[in-house]
Amino acid sequence: MADLASRISKPSDAPVDDKAPAAPDAPAAAEGNGAEGNGAEQPVDDGVQRGLIETTYDVEVKLSDLQADQESPLYSGVSSFEELGLPKSINDGLLAMNFKKPSKIQERALPLMISDPPTNMIAQSQSGTGKTAAFVLTVLSRVDLAKPTQPQALLLAPSRELARQIQGVIQTIGQFCENLVVEAAIPGSISRETGVRASVVVGTPGTVMDLIRRRQFDVSQLKVLVIDEADNMLDQQGMGDQCLRVKGMLPKTIQILLFSATFPDKVMNFARKYAANANEIKLRHQELTVKGISQMYMDCPDETKKYDVLCKLYGLMTIGSSVIFVKTRESASEIQRRMEADGHKVSALHGAYEGQNRDALLDDFRSGRSKVLITTNVLARGIDVSSVSMVINYDIPMKGFGDREPDMETYLHRIGRTGRFGRVGVSISFVYDQKSFNALSQIANHYDIDLVQLSPDDWDMTEKKVQEVIKSSRARPDYAPNALGN
Ligand SMILES: Nc1ncnc2c1ncn2[C@@H]1O[C@H](COP(=O)(O)OP(=O)(O)OP(=O)(O)O)[C@@H](O)[C@H]1O
């Protein structure tokens, strides 16, 4: 058991939890998976990116400081992307996105990935440090634009939301690459009549597997396979099987790129077999936390009081956008129902919703039309909405039989929905009993985090601590439109 006092102080009157935990929501992998099978054919995805980075010049003043700091994961030893030798059309796309300099992962991984002969890569970098652009640039550098409808690159992600987001990033960075066609292979997006007719395909593994089996996706010319959130995707508890089967159907010489912020040892061994002889960029687990995220915890008197505490925090949440993570779909809907009945405007998104509803909900959140999103682990990974200034772990993420252990990786991915690319943000994890308290202590010890305690008895102090961070995130006008007008 972790030394409680060393990281966070124990709530004195916390009762020991001996209640059976509620039925868990499907884990991230299963949620993405389950959502795939939601039946009816839907219109082809229009491919429009919602809510790409909203970089502004003011942000860059600070960003340039961070990018000059060798200790920062945003550090760059080169002064521009041009030095990495990418084609002009791609550099123009980066300029349009207002990306001036690469981050550390981009600078280190790109030269290894774009060189010939192609080599596999296993790459790890903290959340929000630009892994997407790293693999997207590689994909764009490999695609022969003279064959616009011949699939040449396949990217896999664990959820439809992440697949759509990656599709948008490819289209935006590739906006000056003539004839670039990108399709999303998510439930309902590919017409049965035409099949896949794109040079770049981004999808979820179940749908991709179906398309290949039905011969609606010609994989014979694929040159690159990217797996985002690779530790989650290759995990045998998750989509490991599907990813293995997909790989079995692809050309043997394909270049494989695996990316994630987390690579627990257990999955790493499998990853090394999946992507043989790969170059590796790895981090130690103490390096994984993002400095810009102020991690706090709220010491709730008991489980029934968590909702009241949440409602009080709501007043602070309206400042930026925020995400509330809960364990089950049912509790997401229940909290939404109660908050709405109390006159608050919130959205809930989880795997029980139909794909198109999910798309609309996330679009609303990206655009700022809705500011508070209640969700499950389905959105814990990869989702990039730069205006998120607060993440709440209403339930501490747990895993294992009977939810016995803290889910270290999911914690990191969840809080990583804020603090994107040098921005600041706050995460607040709710504890209310010995079990949740111990779980959070273990997480804090594992990542070497000094958690700040918040108390529902001293609301003034709580407000002060949270506002300090959120206001400074607001001082940086992250919400202004970028060069693309997104
Ligand atoms: N070189 C760059 N300059 C400025 N902004 C960048 C650069 N590279 C990426 N970004 C922006 O940083 C944000 C985070 O990038 P991205 O979503 O790729 O993070 P990630 O490392 O994949 O995170 P996660 O582990 O959460 O998936 C995005 O909004 C992206 O547009």
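**Helix ends, domains and core of the predicted model**

Helix α8 is followed by R215, whose phi is positive, near 60 degrees; helices (H or I, at least four residues) and strands (E, at least two) are DSSP runs numbered from the N terminus. The structure is a predicted model, in which local features need pLDDT of at least 70 and side-chain atom pairs count only at pLDDT 80 or more, while totals for chains, interfaces and linings use all residues. Residues are numbered from 1 along each chain as its sequence is written.

Seven of the nine residues of α8 (residues 205-213) are buried, so this helix is largely enclosed by the rest of the structure. A residue is taken as buried if 20 or more other C-beta atoms lie within 10 Å of its own, as exposed if 12 or fewer do, and as partly exposed in between, with C-beta atoms placed from the backbone. The buried residues of α8 are P205, G206, T207, V208, M209, L211 and I212. Across the protein chain, buried residues make up 54% of the 486 residues, and the secondary structure comes to 17 helices and 16 strands.

The domain assignment, whose bounds come from an automatic or database source, gives domain 1 (54-283) and domain 2 (293-474). The centres of domain 1 and domain 2, taken over C-alpha atoms, are separated by 28 Å. In all, 27 residues of domain 1 are in contact with 19 residues of domain 2, a contact being two residues whose C-beta atoms, placed from the backbone, lie within 7 Å. On the side of domain 1 that touches domain 2, α3 (57-68), α7 (160-173) and α9 (230-234) each supply at least two residues, and α7 gives the most, with five residues.

The largest nonpolar core has 130 residues, among which V139, I173, V202 and L258 touch the most other members; such a core is a set of buried Ala, Val, Leu, Ile, Met, Phe, Trp, Tyr and Cys residues joined through C-beta atoms within 7 Å. Helix α6 (residues 131-142) gives the most to this core, with seven residues. Domain 1 (54-283) and domain 2 (293-474) both give residues to the core, so it lies between them. Leaving aside residues up to four places away in sequence, V202 touches L155, A157, A163, I166, Q167, I170, V182, A184 and A185.

Helix α16 (residues 434-447) has 14 residues and reaches 20 Å from its first C-alpha to its last, close to the 20 Å expected at 1.5 Å a residue, where the expected span is 1.5 Å times one less than the number of residues. Its buried residues include F437, L440, I443 and A444. D448, which follows α16, lies in the loop between α16 and β16 (452-454) and has a positive phi of about 65 degrees although it is not a glycine. With 13 C-beta neighbours inside 10 Å, D448 counts as partly exposed. A positive phi, near 70 degrees, is also found at N179, in the loop between α7 and β3 (182-185), and N179 counts as exposed with 12 C-beta neighbours inside 10 Å. The peptide bond from D116 to P117 is cis, with omega near -5 degrees, and P117 is found in the loop between α5 (104-114) and β1 (121-124).
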